[in-house]
Amino acid sequence: MSSRAEIDAILDGLGGRGNIKDYFHCATRLRFNLYDYSLIDQEKLKSQPSVLSIVIASGQCQLIIGPAVESVYQIIKTAINDKETSHSAGCSQQHKIEKTATRKESKINLILGFISGSFLPIIGIIAAAGLLRAMTTVLGEFSYFNGNETLKIINLIANVPFHYLPVILGFSIARKLKSNELVGAAIGAALLYPEFTKLAGQTLHFAGIPIMVTDYSGTVFPIFFAMITAAFIEKYLKRGIPNSLQLMFVPLITFLIVVPLTLILLGPFGAILGDYMAKGILYVINLSGLLSGIFIGAFYSVIVMFGLHWTLTPIMYTNLVHGGDPIYAIGGMSAIAQMGIALGILIKSKDSKTRQLAGSAFFPSLISGITEPILYGLIIPNKRTIPFMFISGAVGGGIIGFYGVKLNEMIFASLLSIPTAQNILVYTVALFATLLTGALLVIIFGYESNVDVSGDKK
């Protein structure tokens, strides 16, 4: 558990509490949007025990924490909201406004930050649901569970987050845009209203305008466009409606405008855009599954290092709706490659501290699929292993790409992801080939140039 003194030091390293514009976390990282990135004290941040590494990308300062990120986040949240933390305040409100006016983030950083910031809060429940669906799939193969009503109910529970994804995303996107979260959830729910979705494929009319009824369950892009529009309308209404009337009329007017507009225009446009983006990536992959697999498998870790992998999530979800996703099936091999390197270091090293670090990172990652402790605790400090990560990732990615393997669930690459593959045999072979290649490269060629992770000469 991080101490309050360490948290205060982290806030100071970020330029003070007043320099933080927004913050959230994913599975292993704290992500901060700051007003002035020149105030970051990287040495101070790196010296904190909870911080494995620092990445500045996509308009964010990302602190790599590892599996304990949730507990650290909660302490930071308390510290930021604590008005008595005067020495961490750092910047006055006026200083915030000045920095906002003088420093503008690039549009691409704003877009990437918006997408990742909208998805990251819901990744946990989606990954958990994917794991639960994988478990029910495996158990359903045994005759003992045929017709088992308990298993059916568990499967229904697992399907809920995927079916109501527009509702969950509506809430999350609204929070990211600092608009009304419940209105966001209600807009998502409107797209899934049973009386509406059961008419899918038919044409209705709203004020004489035709609406092609579509089932938006499990979709991503329509709710994104709807919530961007809703946030804009909400801010505009708050400027013109008296404070005493805003509680009722801002949500009412927003809802009445955005829902029909989404059903008529934004929803179909978002669905078509998502389909074409997914088909475009699939087309590129299908041009040469082997070469695409080798390339993605090798260098997907680079995308992960900069925290950009979450921006691919909307396309992955679209692929899942249309029969399976090949992107993470291939890219997940980069995580397995990292596990292989940890296994190799565990076997190769004679230093007790290094073995303890490798073991504590390797065994949990096999089940959880979370590899940041390996990446930032073992691979980056021992740069000789980086080519091993690329090579072993390319091995598994090439096998999966060549055979066109896809995943049926959004779940981190691990032993538990095996049942979610459409071709379990090939996926299993690719996974263990990647794992063993990474381990053998370390065992044969060593893993450090000069010093061990613990600092001992080799």
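How many residues has helix 7, and how far does this helix reach from its first C-alpha to its last? Helix 7 (residues 165-176) has 12 residues and reaches 16 Å, close to the 16 Å expected at 1.5 Å a residue. The expected span is 1.5 Å times one less than the number of residues. Helices (H or I, at least four residues) and strands (E, at least two) are DSSP runs, numbered from the N terminus.

Before I continue, a word on the model. It is a predicted one, in which local features need pLDDT of at least 70 and side-chain atom pairs count only at pLDDT 80 or more, while totals for chains, interfaces and linings use all residues. Residues are numbered from 1 along each chain as its sequence is written, and side-chain values use heavy atoms, with hydrogens and water left out.

Let me turn to confidence. The pLDDT is the predictor's confidence in each residue, from 0 to 100. Its mean over the protein is 83, and 90% of the residues reach 70 or more.

I return to helix 7. Its buried residues are Leu-165, Pro-166, Leu-169, Gly-170, Ser-172, Ile-173, Ala-174 and Lys-176. Buried means under 20% relative accessible area, exposed over 50%, and partly exposed in between (1.4 Å probe, protein chains only). Just after this helix, Lys-178 takes a positive phi of about 60°.

Side chains of opposite charge can pair when their charged atoms come close. A salt bridge here is a side-chain nitrogen of Lys or Arg within 4 Å of a carboxyl oxygen of Asp or Glu, and the count comes to 7. In one of these, Lys-178 meets Asp-22 at 3.9 Å, N to O. The two partners are 156 residues apart: Asp-22 is in strand 1 (residues 20-25), and Lys-178 is in the loop between helix 7 and helix 8 (181-190). Asp-22 counts as buried because its relative accessibility is 17%, whereas Lys-178 is exposed, with a relative accessible area of 56%.

A further salt bridge joins Arg-133 and Glu-409, whose closest N and O atoms are 2.6 Å apart. This pair also links distant parts of the chain, with Arg-133 in helix 5 (residues 107-140) and Glu-409 in the loop between helix 17 (385-403) and helix 18, 276 residues apart. Both Arg-133 and Glu-409 are buried.

Within helix 10 (residues 221-240), Lys-238 and Glu-234 lie 4 residues apart, about one turn of the helix. Their side chains meet in a salt bridge of 3.2 Å, N to O. Glu-234 is buried, at 7% relative accessible area, while Lys-238 counts as partly exposed at 42%. Salt bridges that share partners also join Asp-22, Lys-176 and Lys-178 into one network.

Finally, where is Asp-325 placed? Asp-325 is in the loop between helix 13 (313-321) and helix 14 (327-348). Asp-325 is buried yet has no salt bridge, and the nearest side chain of opposite charge, Lys-406, is 8.4 Å away. Leaving aside neighbours within four places in sequence, Asp-325 is in contact with Met-316, Asn-319, Leu-320, Lys-406 and Leu-407.

Technical notes:
Lys, Arg positive; Asp, Glu negative; His and termini not counted. Contact = heavy atoms within 4.5 Å.
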